[in-house]
Structures are given as structure tokens and as C-alpha cells.
Amino acid sequence: MIKFSGLIGLSALALIASTAPALARADNAMVERTAPDEVTVSWTAKGPVDLFWADHPVSDPAAAKLVSAKDRDGRQEVSVDAATRPYFLIRDAADGAVVDVAERVVPLEQGSNFRDIGGYEAADGKHVRWGVIYRSGATPMLSDGDVARIRALGLRNMVDLRSDEERVLAPSRIDGVAYSAVGYSMTDILRMSAQGPTGGLYSAFPTMLAPQLRIVFDLLKRHEGPIAYNCSAGQDRTGFTTAMVLSALGVPRDTIVKDYHLSTTYRQPRWEMPVINAAAFPDNQVAQFFARGQDQRAAMKPRPLYDASGKSLLLDSFTAIEAKYGSVDAYLEKEAGVTAADLVALRANYLE
């Protein structure tokens, strides 16, 4: 076993970025937590590899620490320290080709669905950079240790996608980071949600979340990251926003949908909203809604994000966009101010 300082994950699979011919496809490399103080890095390769670690995203092994040399078994157990998030490089010992891999989920004791969207294959055979764009659920109940772990990510900006009511009921514990939000009422979402999965919520997201999406892309265009954006569950509004960001970077739609459905695995609803005393909010429809959910065990379990026919709910957003604008690119240009030149620049900055 090899020891070094690093931050462990929550049994999270991580996809890697690579065009290296000697290594298998990116989804064959992963980092998993196997014990509170241990992670296992695994991969598939034709020959021996060198495994490196760093406490920040790197692409050059010279900037990282050697963990294991000429490793042939495709698996390395590594002891870790909870102080820093680890990033791994896997270098083919024969031709020097390098791929990188990190944990998909940021490990939090009292957080929900806090994920790095790096590693996905994108435009021109490149991959989304790790450690620059995060998506998450609400963060009102983070432990002090969680706050320290998030601080170590070096976030420069947060965009809160939640409603006015949610932000009051469950303010974030993340301080010291530039914070943006756009005011609106949760009552509109409750009305559409009451009509069931086909009630039009996802079809409404392209219009409803256009102001927030413009903020996210403006930050990315100005290189003001790392950034994180969130809603309450980190799955619906956050899922739509992530779908638009990954689309802009040229990530295939099936990959985007798979990332969206990871929320069912990684949500922790009990940490997304403090316990609400319904009696204290007799006239607050939103507080009453969340209080009822906390009283229902079924509501505290993440639900699969499919409609009655088995179709991913996220696809309704794409359908609405393509019906009105013709394409995601056209939508982003009109509603988020992302031009064709911006797309080129975003891919240059956020892919590797």
C-alpha cells in the first residue's frame, strides 16, 4: 500500500481524459473509495504504467508525485489524507501517453450530490478538464470538515439556481466565494411538479433558467473559475444547466444523460434542507411543501428521473429547445449570449 496526502471520494466512479492508444477507453479507469482512508485506482492497459498523484489538476507527470512505477496489474490501493482532493495521472511506460483521472464526487459528510463534471469525452476527441466546473445540491448543512474540503477546491464563483424561498429556508454554508442568484418564486415549480413528470417542468427550464445560464457562461467565458452551481437536489435545475455546459463543450448527448442520472445514486436528501417546523410557516406554501417531504420517508429517497414511458426527463428540455430554436447552439447564442466564437474559446479553455 502506498501513502500520500489526498482527499477520498464517496465510492465515485471517475471517467478519464485520454487519446492514448495503449490505454483502454476512458471509462475503464476509475477511482473508488474502498475504506475511510483508502482509495483504489484501477485501469486497463496493454502494458506497464506509471501512476502519479497531485493535489491539483495536472497534465504533466513532472508536476506530480510518483505513486507506483511500471505497474502491470491495473489496480493500486492508495492510503489518503482527507486534507486534499487527489488527482491521478496514468502514464504508459512504453510510449509515454498520459491520461488523468479523479473522483467524480467530492466526499462530504453532510452534503449532497457535489460532483466534478470533468473527464467526459468531448469535441475533437478531447476531454473536459477536471477541477474547474462543479455541480451540486444545496449546502445548508455542511459540517465544518465539509466546508474545509470545499474551500480547498479553490472556488471563485457560485451560482445558486434555487428560488427566493429556498435560499431563505436553506442558506449555503459556503462563505467567502462570490455568489450569484436570480430571484423567482418556487410556487411556479410546485405548480408544474404537481402535474407529474410530464407537467412541463423540464420543457420550461430553457426559458426559466436562461438568466442563470447566462451568468454561468459569462463566468466561464471570463475564466472566473473554478465555479460551482447548485439547486436543492442538484438534479433538475442543476441537471439542465450541466446539460447545457456539457453540450457547449461538445460532450455527446448520451454521456450527458448518463451524468444526469448519477443524481439518483449520489443525492443525500437529508442534507439538502434543514428540518422545517411546518407550524412556524403556516402561510408559506414552499416551507409547507418541504416540511411534508421531510415527514414522508419515500420523499427522502431519490427518485429515478424517468417519465411513465421510461424516457429520461432531461430529454424534454432538449426537445423544447430544438422545437423553438432548432439546436442547442442556437439556443445558447440567443438566450445565454454564447456565440460560435465563444464555443471555440470555451472548448480551448475547458478541454484537454
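How many of the six residues of strand β4 (residues 49–54) are buried?

## Basis of the report

This is a predicted model, in which local features need pLDDT of at least 70, side-chain atom pairs count only at pLDDT 80 or more, and totals for chains, interfaces and linings use all residues. Residues are numbered from 1 along each chain as its sequence is written, and side-chain values use heavy atoms, with hydrogens and water left out.

Six of the six residues of β4 are buried, so the strand is largely enclosed by the rest of the structure; buried means under 20% relative accessible area, with a 1.4 Å probe and protein chains only. Strands (E, at least two residues) are DSSP runs, as are helices (H or I, at least four), and both are numbered from the N terminus. In a regular strand the side chains alternate between the two faces of the sheet. In β4, Val49, Leu51 and Trp53 point one way, while Asp50, Phe52 and Ala54 point the other way.

Two strands pair if DSSP finds at least two bridges between them. β4 pairs with strand β5 (residues 65–71) in the antiparallel sense over four bridges, and Leu51 stands opposite Ser68 in β5. Strand β7 (residues 87–92) also runs antiparallel to β4, joined to it by six bridges, and here Phe52 stands opposite Leu89.

## Helix α6

Helix α6 (residues 237–248) has twelve residues and reaches 17 Å from its first C-alpha to its last, close to the 16 Å expected, where the expected span is 1.5 Å times one less than the number of residues. Twelve of its twelve residues are buried, so α6 is largely enclosed by the rest of the structure; among them are Phe240, Met244 and Leu246. After α6 comes Gly250, whose phi is positive, near 85°.

Key: Buried means under 20% relative accessible area, exposed over 50%, partly exposed in between (1.4 Å probe, protein chains only).
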